[in-house]
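Morning, everyone. Let me put the model up, and then we go through the interface, the metal site and the salt bridges.

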Amino acid sequence: MNCDDIQPLLADLAVGALPEPRQGPVREHLARCESCRMAFGQLCLLGSWLDEIPPTGPARDLWPSIAAALRPRKRTLGQRISGYLGLSPGWAWAGVACACAVLAWGGLRGGDIPRAPELPAVVVAEADEDADLLSRWSAQASLSGGPVGRYAAAAALSVLPESAAEEGLE
Amino acid sequence: MYDAARWNSLVDAARQGDRRAYELIYRELSARLYHYAASLVGDAATAEDITQAAFVKAWESLPRLRSSGAFIVWIHRIVRNLAVDAGRLTAREEPSGLGDGPQWDTEDPRPDGRPDAALLERERALAVRRAVAALPDHQREVVVLHHLGGTPVEDVAQIIGVPAGTVLSRLARARETLRRRIYWLGGDAA
Ligand SMILES: [Zn+2]
């Protein structure tokens, strides 16, 4: 291979884009050609220069405007129960599941089991609110066949085939 | 580049509604996202709007994000889509401020008349920034994301929506273009 064959491959080699089987002839040429070796060195050096350049941030701090636009996060039912019980969400749900199982078992046996302490009113109210939200969302989703509420607005904003606002989301 | 465990815990906290954690995320990512937005749309004011909108939009959808580790790619994609929405993705002009770099006094010869190493370094950085800003769109985007933003090639591929091989190929072509354009490398377009 001569210099004209090698030169177009040097940048690929420098960025790691040249497949292993094609690297051999290029490296052999570099070992004996001063001119191509210099060009390759420059391409590699350019990579380290680029890595040294920091991204330029905005001229002003955007956080105050962003913070003002953030709506308070609505906690899920699981987060509320776990917060109330002082447990991680997984354990809280496990506890709820165990309690349900015990109640169901007791009901099947017909035996007497002690009445569970009542949840504080605030948790019950929030649970009702969540259930209400869920039912409204699912009703809207079944009508529209897609995401609802502000997620729908976010999805509508995107023009790429797959909305970034929806990608990676559950 | 980041401590993954720390990063994931920040995203998890923000997912639960912790604004302080979200501010720390903003502090870590704002320069990368703003620079990326500016390189796409070509002007500082629009880039600021896009950066703000991206953080607000990400906050709203964060509880539904599948994994905390996906946050960085995901918010870059939001920035990209907002740039498309702004109709400015193909802007070619040099983004304000991105190619200029810091200003310095060039009338400062050293007593021995030899060039100052720090001055040469600044001049070099300025020339590289300008050359990057003048790259064709596809090449500039991968260079800004990968080199200036420190984003791994696989993540760049996900952000742009192309195979990793295409990202590498664009990086290689960009490297050639930059070499030709930067005069002291002896390229033919100096
Ligand atoms: Zn040669």
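How much area do chain A and chain B bury between them? About 5400 Å², with 57% of it on carbon and sulfur atoms. Buried area here is the accessible area, with a 1.4 Å probe, that two parts lose on being put together, summed over both.

Ground rules. This is a predicted model: local features need pLDDT of at least 70, side-chain atom pairs count only at pLDDT 80 or more, while totals for chains, interfaces and linings use all residues. Residues are numbered from 1 along each chain as its sequence is written, chains are lettered from A and ligands numbered from 1 in the order written, and side-chain values use heavy atoms, without hydrogens and water.

Back to the interface. 54 residues of chain A are in contact (heavy atoms within 4.5 Å) with 55 residues of chain B. The rule finds five salt bridges across it. A salt bridge means a side-chain nitrogen of Lys or Arg within 4 Å of a carboxyl oxygen of Asp or Glu. Take Asp61(A) with Arg27(B): the closest N and O atoms are 3.0 Å apart.

Which elements of chain A supply at least two residues each to the side that touches chain B? They are α1 (3-15), α3 (34-52), α4 (63-69) and α8 (149-157). Helices are DSSP runs of H or I, at least four residues, numbered from the N terminus. α3(A) gives the most, 10 residues.

Now the zinc ion. Its protein donors are Cys3(A) (SG), His29(A) (NE2), Cys33(A) (SG) and Cys36(A) (SG), 2.1 to 2.3 Å away. Donors are N, O and S atoms within 2.8 Å of the metal (3.2 Å for Na, K and Ca); water is not among the atoms, so sites may look incomplete. Why tetrahedral? Because the four donor atoms subtend angles of 102 to 116 degrees, and the rule wants all angles between 85 and 135 degrees. The spacing along the chain is C-x25-H-x3-C-x2-C.

Last, salt bridges overall. One is Arg6(B) with Glu28(B), closest N and O atoms 2.7 Å apart.

Notes
Tetrahedral: all angles 85-135°; square planar, octahedral: opposite > 155°, others 65-115°.
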